[in-house]
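These notebook entries record what I looked up in one structure. The model itself comes before the entries.

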Amino acid sequence: MTNYCPILTQTLKKLHHLIVLTSLLIITHPIRAQIKTEVRWENGSPSLLIDGENHPPFAYMSYLGEEKYYREIAATGIHLYNFPAYLGEGGINTSSGIGAFRNAIWKGESQYDFSSIVTDFEKILGADPNAKIVIRLYLDPPRWWTLANPSAAAQLPDGSLYRQCFASDEWREKTKVALEDCLDWLLTSKYRNHLAGIHVASGFTEEWFYHPKQYQDQNPVRLQAFRDWLKKKYTTVHSLRIAWNKPTITFANAQLTNIDEAVDNVSWRNPAKDINYIDTYRFHTEVMADNIAYFCKVVKEKSEGNLLTGAFYGYHYFVTDPRRGHGALSKLLESPDLDYLSSPNVYNRVVGEDWPAMVAINSVHKHGKLWLAENDTRTSKTTLLKDQSQGIAPPGQYEGGVWLGPKSLKTSVALLWKNAARMLAYGYGGWWFDMWGGWFSDPEMLQVLEKTQTFYNKYSPQNPEKMASSVLLVVDEELSFWDKSYGRLTEKILSNRYPIAKTGSVYDLFLRSDLPEINAQSYQVIWLMGMLRLSPDEEAKIKMWQERGTTVLWTNDKGTSLYFPGKAGQLIPEKFQWSPSELREIWKKAGVHQYIATEDIFYVGRNWLSVHSVAGGDKSIQLPYYAQVIDPLTNKVMSDSTKLINVRMDSLSTVLFRVHPL
């Protein structure tokens with residue numbers, strides 16, 4: 001009998017392979033998603049439409065999804081869900097060593113195991129038959145694939161192979177086939193009526209960061225891709241030599257600069273000597289943006305445009321290490337196949353601070369994309385991963401710091417309301433990320449989720465243009481490329497994201513690349529934050545803005561220059577960081593309306609107004625217009641016409657008002 005075991009095993013493998021292929025090939029007609037999910041712009045904000053009906057852009061996700069929590073979420077009125085799926089078995093955080101949250105799908109050439117997807121669909125649909133689902137599909141390959149395709153893998157200095165080479169066309173093309181096979185199965189499965197989209201994911205923590213080992217990828221295809229990139233950018237060898245200040249450089253001998261060398265000094269790069277570094281980073285980041293656009297196109301083409309597409313990318317406003325690969329947002333926003341982008345809120349997760357998105361949301365909106373925040377907000381019910389799972393959490397990891405929630409339910413509710421208020425006021429959506437399960441499992445916290453849904457559906461815009469910001473903040477997503485310290489100097493400048501939120505006003509945030517098309521006439525203050533050198537056109541804009549009566553701040557590597565109307569610019573050396581009171585004084589001189597006098601977190605926009613306070617107490621909110629003011633929680637009209645809102649706040653609380661300017 002033992003003589004036949006190898007033959008029997010091989011026969012069963014071939015039979016399994018045949019079954020998988022047959023299940024994929026029996027479809028002879030075009031494959032269509034049964035529902036169409038898309039992003040449209042209405043009343044100045046992006047809207048999520050499912051089969052033509054406006055749908056609140058708020059969802060729920062958990063790595064360890066449980067049916068009892070899905071039932072709680074469905075009861076809040078949320079019917080949009082995310083769950084993860086993985087082509088390979090490797091964990092998402094290769095520094096911490098965290099394990100995989102699901103079994104691998106890609107078992108061999110044209111061999112797949114979709115059981116994890118089936119399990120997640122069944123859990124969600126068992127709790128909510130009306131569910132619409134976006135699958136976060138992680139595209140990093142399994143180990144067997146890396147070993148079988150060394151020419152498409154990252155080739156490390158020690159000679160070992162690691163996952164994929166992100167610059168490899170071979171990796172993209174073969175992963176495309178696997179992605180298409182997964183989509184073929186999904187779009188012909190019994191779950192197709194519930195599939196709303198694919199969130200394409202890859203890299204470190206699913207967020208299109210390079211894994212640290214990939215900083216030193218020595219795969220020859222990466223070098224060749226860089227040389228091809230240089231040819232496209234410079235066209236001639238002469239132009240390349242002038243830019244790099246190297247008389248012997250050619251497209252054939254140009255090398256990628258080592259972007260993983262030790263930090264020997266904390267300083268900015270020299271534009272006369274270091275353009276080779278800048279070009280390496282530009283290539284490094286554009287590879288990631290191109291990959292996202294590539295796989296979004298695959299999803300769009302396979303679903304005939306019916307599936308929503310999105311990804312994590314563009315963290316220029318918080319992640320200051322350029323090696324991560326997030327410096328090409330402006331390029332990615334040009335993709336017609338991308339519907340939305342995402343990031344967590346910044347990780348300064350303390351009470352009384354703003355938690356902005358990691359990106360210039362106004363630029364995302366300008367290019368017609370939806371922004372979805374990942375609200376992985378820790379609460380008093382947050383548990384440790386090691387206590388909720390077996391074999392996933394590495395010993396000693398995910399046990400302290402940012403992984404711990406506040407002790408009180410009251411604070412937890414205040415933080416969730418702060419999340420909700422920011423999304424409502426700034427016109428974006430997001431998902432409540434219940435990472436290990438049960439983080440929001442309390443009536444008061446669930447009410448926040450429910451009311452956020454209700455408010456989106458109930459209240460239509462009324463003269464929201466009167467709440468427009470009078471402060472414009474412009475940032476350069478390439479700032480960190482010039483920072484030899486991998487982001488220390490960059491963070492000094494960008495840390496102004498915190499005090500600016502305590503000025504009693506609000507600001508619009510755009511990428512530098514959008515500056516030529518921004519209508520700046522309505523802004524009273526314009527802050528060029530972290531633009532080290534200005535082009536002649538940008539210098540001319542400062543003069544034009546001054547002539548119009550606008551106050552300009554320009555923060556660069558020397559400090560901050562102030563340009564008041566009718567006055568020459570004055571440099572304040574080494575002035576990189578500002579306090580709320582200092583900014584308030586500049587705002588006051590410039591005529592910027594300050595709604596509140598206290599340094600609380602303040603949001604206003606799209607008919608919503610919110611204050612988040614640590615100390616609480618009596619607050620007087622001065623409006624620059626007469627307005628009807630509604631308490632949305634009770635639907636009580638507080639005033640039909642007023643310029644003043646008086647409210648007594650508890651400590652560690654958030655208040656929200658509906659404001660209709662008259």
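**Entry 1. Helix α8**

I began with α8 and noted that 21 of its 28 residues are buried, so this helix is largely enclosed by the rest of the structure. I took buried to mean under 20% relative accessible area, exposed over 50%, and partly exposed in between, with a 1.4 Å probe and protein chains only. Helices (H or I, at least four residues) and strands (E, at least two) are DSSP runs, numbered from the N terminus.

I recorded the basis of the work as well: this is a predicted model, in which local features need pLDDT of at least 70 and side-chain atom pairs count only at pLDDT 80 or more, while totals for chains, interfaces and linings use all residues. Residues are numbered from 1 along each chain as its sequence is written, and side-chain values use heavy atoms, with hydrogens and water left out.

I then checked the length of α8, which covers residues 275-302. The expected span of a helix is 1.5 Å times one less than its number of residues. For α8 this gives 40 Å, and the end C-alpha atoms are 40 Å apart, which agrees.

Within α8 I looked up aspartate 279. Aspartate 279 is buried, at a relative accessible area of 0%. Leaving out residues up to four places away in sequence, I found that aspartate 279 touches Phe226, Trp229, Leu230, Lys233, Tyr234 and Trp244; contact means heavy atoms within 4.5 Å.

Just after α8, I noted that glutamate 304 takes a positive phi of about 55 degrees.

**Entry 2. Nonpolar cores**

Which residues touch the most other members of the largest nonpolar core? I found Ile135, Trp208 and Ile621, in a core of 195 residues. α8 gives the largest share of this core, 13 residues. Apart from it lies another core, of 16 residues, including Phe510 and Trp554. A nonpolar core is a set of buried Ala, Val, Leu, Ile, Met, Phe, Trp, Tyr and Cys residues joined through side-chain atoms within 4.5 Å.

Neighbours within four places in sequence aside, its contacts include Tyr595, Ile596, Phe602, Val611, Leu644 and Phe657.

Isoleucine 596 sits in the loop between α16 (580-590) and β22 (601-605). At 3% relative accessibility, isoleucine 596 counts as buried. Beyond residues up to four places away, isoleucine 596 touches Gly504, Arg584, Phe602, Val611, Ser620 and Ile621. I also noted that isoleucine 596 and lysine 502 are 94 residues apart in sequence, with 9.3 Å between their C-alpha atoms.

**Entry 3. Cavities**

How many cavities of 30 Å³ or more does a search of the whole structure find? I counted four. On a 1 Å grid over the protein atoms alone, a cavity is a set of points where a 1.4 Å probe fits but cannot get out, and lining residues have an atom within 4 Å of a point. Grid points are joined across faces, edges and corners, and a volume is the space filled by probe spheres set on the points.

The largest cavity has a volume of about 140 Å³. I found 20 residues in its lining, and His316, Val319, Thr320, Glu477 and Ser480 lie nearest its centre. By class, this lining has eight nonpolar, eight polar and four charged residues. Ala, Val, Leu, Ile, Met, Phe, Trp, Tyr, Cys and Pro count as nonpolar, Asp, Glu, Lys and Arg as charged, and the others, Gly among them, as polar.

The second largest cavity has a volume of about 80 Å³. Its lining has ten nonpolar, two polar and no charged residues; among them are Leu48, Asn82, Tyr340, Gly430 and Trp431. I noted that β5 (80-86), β14 (370-375) and β15 (429-433) each supply at least two residues of this lining.

**Entry 4. Loop residues with positive phi**

I looked up arginine 163 in the loop between β10 (161-162) and α5 (169-187). Its phi is near 40 degrees, a positive value in a residue other than glycine. Arginine 163 is buried, at 11% relative accessibility.

Is asparagine 245 buried or exposed? Asparagine 245 counts as exposed, at 52% relative accessibility. Asparagine 245 is in the loop between α7 (237-244) and α8, and has a positive phi of about 55 degrees although it is not a glycine.

Methods: 1 Å grid on protein atoms, 1.4 Å probe; cavity = no way out; pocket = protein on both sides within 12 Å on 5 of 7 lines; lining within 4 Å.
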